[in-house]
Amino acid sequence: MIWYPYEQMKTMKVPYEIVDAEGVYLYTKDQKLIDSVSSWWSVIHGYKHPALNQAIISQVEKFSHVMLGGLTHEPAQKLSAKLQSFLPGDLDYTFFSDSGSVAVEVALKMALQYYMNRGEEQRTMILALEHAYHGDTFKTMEAGDDEDYHFVLKAYGPSKYVVHIPTEIEALEQAFANYHDRLNCFIVEPLLQGAGGMRMYDISFLKRARELCDQYGVLLIFDEVATGFGRTGNRFVADLVLPDILVLGKALTGGYIGHAATVANRKVFEGFYDDDPNHALMHGPTFMGNALACSVALQSIELFESQNYMEKIRRIEEITRREMEGFSDPRIQEIRIMGGCVCVEVKDAATLKGYQQFAYERGVFSRPFLKYLYAMVPYVITEEELVKVLDTMKAWFAR
């Protein structure tokens, strides 16, 4: 029996069974659905993309996986080199893992050990955002701030190691004034907080964070698992404000295989590069640098670059703003749009009860959560398909 995510198994609705998928469409036995959430925001090129399929086929005919402990291989070497040239600044040192949550764990571990290696063992605290979501492993839950996902941590009581602040510069400055000598990092989902409610904030907050991290010697971590590869309308938010550590996942492989990367700058890497074996990063996921994942990731990045995906994303935002302009309803709290994301936040979660089936019957797969009805479509969606997704959202409120 499958134990499904984020569901009370006793009362859950039977999930839709997918029998095929191609382009932006999912197929059940009796319905064709536009996937408006890109399989948790990862399938940016759509399903069954011939170039991505071929990348997997070509590699599987050689080998599917070998460990990176004592071994290496060309797909991992090429992907690391590609990320070095593709990412901004001196984000040159890639540590691979098998999921976004684990990649964030690695980033937090890097930050802590970076200072331990320097003898600054008092720097045990993390600064993070209110409503943060960084994954469901234990340290990522602690860095997160969402009781709907992480209420199990109440068993431990308040954390002594994490401080959460709103996305307000005054609160940011106060936190650094209070805790700067104990902080090892400030971790954020830059510009767009995903599972915490598709919350959006201004780049000025991140620019000030970079200044304060530099002033007080604190590492800045961007969790771009969800925001990377164009979702905010920027290639990476790291193109605008450069972090010390960048975390990538989801769209890294075009949604084909779970894989992730924690990418550090030279300063962080050199904090581990030493004759002392105790200064090594002692971490090693079994499937890090998986050859299939690296091969498809390389092809995914090639598509992103060669087919001008940033223009596709700009067009998605333009159409979304046009279609949602003037739309309102007394039950709606706010409509937020950024890049390839649109979110309709309602005042009462009960307003969205039944929407998933409503959308299904109209040929759209959607998965609203709590008070948030949103879309993060594949970037290859056509204008007609995108308008259908948005019209379905608006039709719900017109019933």
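# Loops, strands and helix packing in a predicted model

Histidine 131 occupies the loop that lies between strand S5 and helix H5 (138-143); helices (H or I, at least four residues) and strands (E, at least two) are DSSP runs, numbered from the N terminus. The structure is a predicted model, in which local features need pLDDT of at least 70 and side-chain atom pairs count only at pLDDT 80 or more, while totals for chains, interfaces and linings use all residues. Residues are numbered from 1 along each chain as its sequence is written, and side-chain values use heavy atoms, with hydrogens and water left out.

The phi angle of histidine 131 is near 65°, a positive value in a residue that is not glycine. Most residues other than glycine have a negative phi. With a relative accessibility of 30%, histidine 131 counts as partly exposed; buried means under 20% relative accessible area, exposed over 50%, and partly exposed in between (1.4 Å probe, protein chains only). Lysine 48 is likewise not a glycine and has a positive phi, of about 55°. Lysine 48 belongs to the loop between helix H1 (38-41) and helix H2 (50-60), and its relative accessible area of 36% makes it partly exposed.

Strand S5 covers residues 125-129, and five of its five residues are buried, so S5 is largely enclosed by the rest of the structure. Met125, Leu127 and Leu129 point one way from S5, whereas Ile126 and Ala128 point the other way. In a regular strand the side chains alternate between the two faces of the sheet. Strand S5 runs parallel to strand S6 (residues 162-165) and also pairs in the parallel sense with strand S7 (residues 183-188). Two strands pair if DSSP finds at least two bridges between them.

| Strands | Sense | Bridges | A facing pair of residues |
|---|---|---|---|
| S5 and S6 | parallel | four | leucine 129 and isoleucine 165 |
| S5 and S7 | parallel | three | isoleucine 126 and cysteine 185 |
| S14 and S16 | antiparallel | four | valine 342 and alanine 375 |

Axes are lines fitted to C-alpha atoms, for helices over the stretch in contact, and angles run from 0 to 180 degrees between N-to-C directions.

Two further helices also pack together. Helix H7 (residues 169-179) meets helix H8 (residues 203-216) at an angle of about 15°, and their axes are 10 Å apart. Helix H7 is therefore roughly parallel to H8 (an angle under 35 degrees). Helix H7 contributes Ile169, Leu172, Glu173 and Phe176 to the contact (heavy atoms within 4.5 Å). From helix H8 come Ser204, Phe205, Arg208, Ala209, Leu212, Cys213 and Tyr216.

Glutamate 170 is also found in helix H7, and its relative accessibility of 66% makes it exposed. From C-alpha to C-alpha, glutamate 170 and isoleucine 126 are 18 Å apart in space, with a separation of 44 residues in sequence.

How values were computed
Parallel < 35°, antiparallel > 145°, perpendicular 65-115°, else oblique.
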